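User: Could you walk me through this structure? I'd like to start with how the chains meet and then go into the folds.

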Amino acid sequence: MTPDILNTIEVILNGLMTGVMYSLVALGFVLIFKASGIFNYAQGVMALFAALTLVGFQTGQIPFSHLINEIFGTHVHNWGPGLNSVLAILLTILVMILFAWLVEKLLLQYLVNQEPIILFMATIGLAFFMEGLGDLMWGADIKTLDVGIPSGGSFWWEDVTRTWVSEGYEYYGMYIDLLDVWAAGIAVLLVTILTLFSQYTKTGRALRAVADDHQAALTVGISLRSIWVIVWSIAGFVALVAGIMWGSKSGVQFSLSLIALKALPVLILGGFTSIPGAIIGGLIIGVGEKLFEFWIGPLVGGATENWFAYVLALFFLMFRPQGLFGERIIERV
Amino acid sequence: MQDTVREDDILLEVRNISLSFGGVTALENISFDIRRGEVRAIIGPNGAGKSSMLNVINGFYHPQEGEIWFDGKLRHHMKPHQVARLGIARTFQNIALFKGMSTLDNLMTGRLINMHANLFSQVAWIGPAQREEIEHRQKVEEIIDFLKIQSIRKTPVGKLPYGMQKRVELGRALAAESKLLLLDEPMAGMNLEEKEDMCRFVLDVNEQFGTTIALIEHDMGVVMDISNRVVVLDYGKKLADSSPDEVRNNPEVIDAYLGVSHD
């Protein structure tokens with residue numbers, strides 16, 4: 001193979017890995033949208049908040065320490081050396097479940113049967129509130145997150161691919177980040193578990209039932225409110241996974257909440273109601289933007305990754321507004 | 001049917017139920033009871049308040065006045081999912097199924113209130129959750145056999161013809177193994193053959209499983225054939241409450257159906 005082909009393969013591979021990361025965020029959106037028809041703008045901030053909390057537990061930070069110090073004139077910062085990763089992750093999961101419960105208790109409960117736009121506005125409010133809360137609890141500085149996932153280039157892969165090149169060319173092998181590979185593996189595992197759970201368990205069926213028909217779900221004895229807590233908990237868990245992956249990659253910083261915006265084109269491509277759609281949409285966007293940057297980027301001065309996904313989504317909206325896998329929009333007249 | 005009824009023979013009793021929406025009165029001072037093991041029909045012209053009555057029993061509507069006694073206990077303000085857990089299952093006039101799910105999954109969801117495995121064991125798919133799945137799957141298969149819907153087990157119910165959807169909805173209500181089954185026009189929009197099948201199923205459910213059934217139906221022939229007692233509503237008021245034969249010959253009922261005025 002010539003280096004050109006190999007380079008293209010490398011770009012596609014990296015695109016797939018990035019795509020998986022987009023999918024993870026989009027997945028959280030789909031879960032909540034399916035079950036309650038709410039477009040949860042706060043999904044990105046949930047990922048940020050989860051990552052902040054995780055780092056906080058890992059490093060033994062005292063929450064609200066800045067506020068406490070201001071009020072009481074103390075100088076507390078840490079309560080100890082911090083927890084190991086597993087314990088910190090478990091605690092963060094508990095925090096996200098508590099968060100889900102609070103969202104239902106303080107927000108959703110009062111907004112049942114409201115217009116989608118009102119629910120959407122509520123989640124925008126929630127997003128800004130959480131961003132502020134995260135800042136107040138854990139501070140605004142950029143934090144490094146390391147839960148023990150290997151990172152850096154894979155030398156093995158570099159060695160293997162170096163031998164693929166045809167004779168007479170100079171080629172140094174493909175670069176692939178181990179962290180990306182791990183992220184992809186974990187995402188696949190997560191989606192598999194979620195799919196099996198929704199197919200073969202009582203609660204999974206209840207989730208699908210609520211997504212399908214609220215009235216019917218009530219008559220078979222499903223409590224909508226407890227289902228919403230479960231759905232938001234799962235979305236919180238997915239947000240944590242996304243937060244860990246993005247946080248390990250580029251540090252836990254407040255711009256993390258903007259990955260939610262990258263999930264939008266993914267959702268438009270894949271459809272707001274389809275879990276496989278979120279995955280495939282993410283992969284298409286990931287590969288698409290990397291290839292576009294690789295081929296067309298040099299011609300237009302680069303930085304196409306910032307806008308390519310949105311233009312692609314716009315294109316899709318014209319031809320297939322329900323997305324690739326979304327439920328078909330049929331209007332009876 | 002005996003004339004003297006013992007207190008604990010009564011499964012459900014509504015006492016002086018009044019329901020209004022804003023200024024519109026849907027039900028006015030309605031009282032009747034449903035005895036254990038009977039097929040009770042609720043009939044009346046369009047807009048008589050039949051469906052409202054079912055919605056009150058089922059917890060979708062909350063009457064301004066009146067009491068509901070179920071299984072010997074006064075029932076307090078309850079949400080529909082709590083009523084379902086109490087042992088009341090229902091079907092709808094315009095079918096409320098989980099359209100994207102298969103027949104099997106719809107019925108399994110109907111059994112939800114009988115399943116108790118906790119979330120953790122479900123996620124891990126261990127012990128209790130796994131046992132429970134298998135056990136309840138068996139029960140659901142029995143219902144599928146009973147309703148003769150083996151061929152559509154895996155079909156998403158949204159794709160099924162209307163008559164079949166009605167049957168699946170009945171199956172889902174049966175899966176709950178409730179004490180009381182509320183059927184809102186189970187035969188509406190069916191052809192003769194489908195109607196006969198449905199009648200058979202309703203009677204079989206009543207006889208084989210001993211399930212108490214309350215049903216709303218427009219087809220008077222059907223009502224006379226399968227019900228033990230009939231309550232007649234008209235404009236939100238109770239017009240009559242007796243055996244099918246008496247109701248059929250009641251001049252007031254005939255007038256209500258034919259729209260004869262009394263002056």
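Predicted model: local features only at pLDDT ≥ 70, side-chain atom pairs only at ≥ 80, totals over all residues.

User: Which helices of chain B each supply at least two residues of the side that touches chain A?

Analyst: The side in question holds 27 residues of chain B. By class, 15 of them are nonpolar, 6 polar and 6 charged. The helices that each give at least two residues to this side of chain B are α2 (80-86), α3 (103-110), α4 (119-124) and α5 (127-146).

User: Over in chain A, how many of the 11 residues of helix α8 are buried?

Analyst: Helix α8 of chain A spans residues 202-212 and is mostly covered. Its cover includes α1 (3-36), α7 (178-200), α9 (214-219) and α10 (224-250) of chain A, along with α3 and α4 of chain B. Among the buried residues are A:Lys202, A:Arg205 and A:Asp212. The count of buried residues in α8(A) is 9.

User: Back to chain B. Why is one side of β6 and of β10 left without a neighbour in the sheet?

Analyst: The sheet is open and mixed, with 6 strands in the order β6-β7-β8-β3-β9-β10. That puts β6 (88-90) and β10 (237-242) of chain B at the edges, so each has a single partner strand. On average, neighbouring strands in this sheet are turned against each other, direction ignored, by 20°.

User: What angle does the direction of helix α1 of chain B make with that of β7(B)?

Analyst: Helix α1 (residues 50-58) of chain B packs on the sheet.

User: Which helix gives the largest share of the side of domain 1 of chain B that touches domain 2 of chain B?

Analyst: Chain B splits into domain 1 (1-87 + 178-263) and domain 2 (97-176), with 27 Å between their centres, taken over C-alpha atoms. In the contact, 11 residues of domain 1 meet 9 residues of domain 2. On the domain 1 side, α2 and α7 (192-208) of chain B each supply at least two residues. The largest share, 4 residues, comes from α7(B).

Terms used. Residues numbered from 1 in each chain as written. Chains lettered and ligands numbered in written order. Pairing = 2+ DSSP bridges. Axes fitted to C-alpha atoms, helices over the stretch in contact; angles between N-to-C directions. Contact = placed C-beta atoms within 7 Å. Nonpolar A, V, L, I, M, F, W, Y, C, P; charged D, E, K, R; others polar. Buried ≥ 20, exposed ≤ 12 C-beta atoms within 10 Å, placed from the backbone. Domains from an automatic or database assignment.
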